[in-house]
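Good morning, everyone, and thank you for making the time.

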Amino acid sequence: MALFIKPHGKTGTEKFLRIIGMAIILGLVVYAFWINNQSTLEKIQARNALWDQTKVLSKSERDFTQGFIRSMRNEFGVKVRIQIILDPITEQEVDPKELLIVISPPTQTVGMYFPGLVRHALGKKFISELENKHFTNHFSDDEWPASLMTCLSMIWERLVNVDSNQSVPKVSTDGNDGLPDPESSVHKE
């Protein structure tokens, strides 16, 4: 069965305009379909990248975290997974190109796994301070979500400033006042 789309028109100009109109409509439908698929894929990736068993993160904290995850993938090509679990942290299989942050508030432990280049760019001292000092004393007063946001911001700022002459923020355990938003951060390339 052959499908022939023949525009009807009395003059050649009318037929031509109808063909152009059909092509424009077809192009718009294809574009809308592509945008919808891209949006759906981003939602699925964001849902799989942030796993919160505690259900403690607020909507703004979830949005910030998902923005960090998207920005790391778009800017640096690094896949990020953040897991907030109720069980003790166990050894996990991690992709070599994946940044994994696991937080267990009931056991007050944090595990961070960085890809090689990211680990090198951040530095051993910075990573050690994040893992061992940054979340200290924030589990007891349920301030660990703010510490997580601060941690993500510091990682972002450190990576963005690796190749520039700008200063790198120091590790702090204070609140999240003045946190930079990873998605709106402007940096030199």
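Let me begin with a definition, since I will be using helix names throughout: helices here are DSSP runs of H or I with at least four residues, numbered from the N terminus. Please also keep in mind that what you see is a predicted model.

With that naming in hand, take helix α2, where Asp 63 and Lys 59 both lie, four residues apart, which is about one turn of the helix. These two side chains form a salt bridge, and the closest N and O atoms are 3.4 Å apart. Asp 63 is partly exposed, with a relative accessible area of 37%, whereas Lys 59 counts as exposed at 62%.

Glu 14 forms a salt bridge with Arg 18, with 3.2 Å between the closest N and O atoms. Glu 14 counts as partly exposed at 29% relative accessibility, and Arg 18 counts as partly exposed as well, at 42%.

Now to the sheet. Four strands form an open sheet in the order β1-β2-β3-β4, and the pairing is mixed. The edge strands are β1, residues 50-52, and β4, residues 109-113, each of which pairs on one side only. From one strand to the next, the twist averages 5 degrees.

As a reminder of the background, strands of a sheet pair through backbone hydrogen bonds, either parallel or antiparallel. In this model, strand β2, residues 79-84, and strand β3, residues 98-104, pair in the parallel sense over six bridges, while β3 and β4 run antiparallel and are joined by five bridges.

Which residue does the side chain of Arg 81 meet in a salt bridge at 2.9 Å, N to O? The partner is Glu 98. Glu 98 lies in strand β3 and Arg 81 in strand β2, so this pair ties together parts that are 17 residues apart in sequence.

Are Glu 98 and Arg 81 buried or exposed? The cut-off we need is that buried means under 20% relative accessible area. Glu 98, at 3% relative accessibility, therefore counts as buried, and Arg 81, at 18%, counts as buried too. Lys 79 joins these two residues, in that Lys 79, Arg 81 and Glu 98 are linked in a network of salt bridges. For the model as a whole, the count comes to five salt bridges.

Let me turn next to the hairpin of β3 and β4, which has four residues between the strands, and in which Gln 108 takes a positive phi near 55 degrees. Gln 108 is partly exposed, with a relative accessible area of 49%. Lys 55, which is found in the loop between β1 and α2, likewise has a phi near 55 degrees, a positive value in a residue other than glycine. Lys 55 is exposed, with a relative accessible area of 68%.

That leaves the nonpolar side chains. In soluble globular proteins, nonpolar side chains tend to be buried together. Here the largest nonpolar core has 34 residues, and those with the most contacts inside it are Ile 101, Phe 135, Leu 148 and Ile 155. At least two residues of this core come from each of α2, β2, β3, β4, α3, α4 and α5. Helix α5 gives the most to this core, with 10 residues.

Finally, there are nonpolar side chains on the outside as well. Phe 16, Leu 17, Ile 20, Ile 24 and Leu 28 form a nonpolar patch on the surface, with about 500 Å² of accessible area together. One of these residues, Leu 17, is found in helix α1, which covers residues 12-49. Leu 17 is exposed, with a relative accessible area of 54%. I will stop there, and I am happy to go back to any part of the picture.

Technical notes. Residues are numbered from 1 along each chain as its sequence is written. This is a predicted model: local features need pLDDT of at least 70, side-chain atom pairs count only at pLDDT 80 or more; totals for chains, interfaces and linings use all residues. Side-chain values use heavy atoms; hydrogens and water are left out. Patches are made of residues with over 30% relative accessible area and no salt bridge: like charges are joined within 9 Å, nonpolar side chains (Val, Leu, Ile, Met, Phe, Trp, Tyr) within 5 Å. Accessible areas come from the Shrake-Rupley method with a 1.4 Å probe; for residues, only the protein chains shown count as cover. A salt bridge is a side-chain nitrogen of Lys or Arg within 4 Å of a carboxyl oxygen of Asp or Glu. Buried means under 20% relative accessible area, exposed over 50%, partly exposed in between (1.4 Å probe, protein chains only). Two strands pair if DSSP finds at least two bridges between them. Axes are lines fitted to C-alpha atoms, for helices over the stretch in contact, and angles run from 0 to 180 degrees between N-to-C directions. A nonpolar core is a set of buried Ala, Val, Leu, Ile, Met, Phe, Trp, Tyr and Cys residues joined through side-chain atoms within 4.5 Å.
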